[in-house]
Amino acid sequence: MPHVDLTPRPDDSAKMPMPESLRPSGALEGPYQYTVASERPTGVAVIAFISFFIGLLLMIGDAGLYFEPSGSGDRAYWLILPILLAYVISLGAWQMYPWARMTAIVVYSFVSLAALFGAFLTPFTLGTVLAILVPALIVLYLFKKPVREAFERKLPLRDFPEGTDISP
């Protein structure tokens with residue numbers, strides 16, 4: 001079911017005027033506008049959490065490298081980009097921005113391919129399998145039609161009550 005935002009907006013920031021069937025009784029006609037937004041799929045919330053957790057683990061690892069007494073703190077700066085990417089994907093996916101879906105597809109595809117190539121250089125373990133499969137499954141999930149439509153904020157008309165006029 002779509003979420004209908006009934007925030008009074010005297011300016012033109014809303015997308016469409018509110019149809020009669022959705023207007024609360026006694027509401028003024030002019031200032032009320034509505035915006036239809038799709039609900040966040042559970043899988044997208046899980047992806048946002050996974051990305052946040054990965055960013056947190058990378059940040060802890062970066063801090064460990066920075067404070068290591070062996071002087072390897074010079075190499076700790078290369079982890080800043082993956083940390084930022086993880087947090088950007090997490091926040092963007094949570095807010096359902098379309099660019100976050102594409103960024104997650106590119107980054108998780110790269111991570112899965114890098115883990116696959118790394119599997120040839122190290123012994124094959126359960127961690128290697130998970131490092132290949134989890135990002136690949138995230139990418140496949142983000143290509144599903146309902147997820148793509150949720151990020152594009154396209155709602156099928158069947159989600160509106162029958163007889164609802166959604167024309168501007």
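Helices (H or I, at least four residues) and strands (E, at least two) are taken here as DSSP runs, numbered from the N terminus. By that count this predicted model has 5 helices and 3 strands, and the order from the N terminus is β-β-β-α-α-α-α-α. Residue numbers start from 1 along each chain as its sequence is written, and side-chain values use heavy atoms, with hydrogens and water left out. Since the model is predicted, local features need pLDDT of at least 70 and side-chain atom pairs count only at pLDDT 80 or more, while totals for chains, interfaces and linings use all residues.

**Overall picture**

- Buried residues (under 20% relative accessible area, with exposed meaning over 50% and partly exposed in between; 1.4 Å probe, protein chains only) make up 30% of the 168 residues in the protein.
- Take the contacts (heavy atoms within 4.5 Å) with a separation of 6 or more: residues 24 or more positions apart account for 59% of them.

**Helix H1 and Ser51**

- H1 has 25 residues and spans 36 Å from its first C-alpha to its last, close to the 36 Å expected at 1.5 Å a residue; the expected span is 1.5 Å times one less than the number of residues.
- Val44, Ile47, Ala48, Ser51, Gly55 and Asp62 are buried in H1, and the buried residues of this helix pack against H2, H3, H4 and helix H5 (145-152).
- An α-helix has 3.6 residues a turn, so residues three or four places apart point the same way.
- Ser51 sits in H1 and is buried, at a relative accessible area of 0%.
- Setting aside neighbours within four places in sequence, Ser51 contacts Ala86, Ile89, Ser90 and Tyr108.
- The C-alpha atoms of Ser51 and Leu91 are 8.8 Å apart, although 40 residues separate the two along the chain.

- Tyr141, in helix H4, has its C-alpha 7.9 Å from that of Gly43, which is 98 residues away along the chain.
- Beyond residues up to four places away in sequence, Tyr141 touches Pro41, Gly43, Val44, Ile47 and Val147.
- Ser112 belongs to helix H3 and is buried, with a relative accessible area of 10%.
- Not counting residues up to four places away in sequence, Ser112 touches Ala131, Ile132, Pro135 and Ala136.

- Most residues other than glycine have a negative phi.
- Met96 is not a glycine, yet its phi is positive, at about 65°.
- Met96 lies in the loop between H2 and H3 and counts as buried, at 3% relative accessibility.

**The largest pocket**

- A pocket is an open set of points on a 1 Å grid over the protein atoms alone, where a 1.4 Å probe fits, with protein on both sides within 12 Å along at least five of seven lines; lining residues have an atom within 4 Å of a point.
- The largest pocket has a volume of about 390 Å³, where volume is the space filled by probe spheres set on the points, joined across faces, edges and corners.
- Its lining holds 19 residues, with Ile54, Leu58, Val107, Tyr108 and Val111 nearest the centre of the largest pocket.
- Helix H1 (42-66), helix H2 (80-94), helix H3 (98-119) and helix H4 (126-142) are the elements that give two or more residues to this lining.
- The lining of the largest pocket has 18 nonpolar residues, 1 polar and no charged (Ala, Val, Leu, Ile, Met, Phe, Trp, Tyr, Cys and Pro count as nonpolar, Asp, Glu, Lys and Arg as charged, and the others, Gly among them, as polar).
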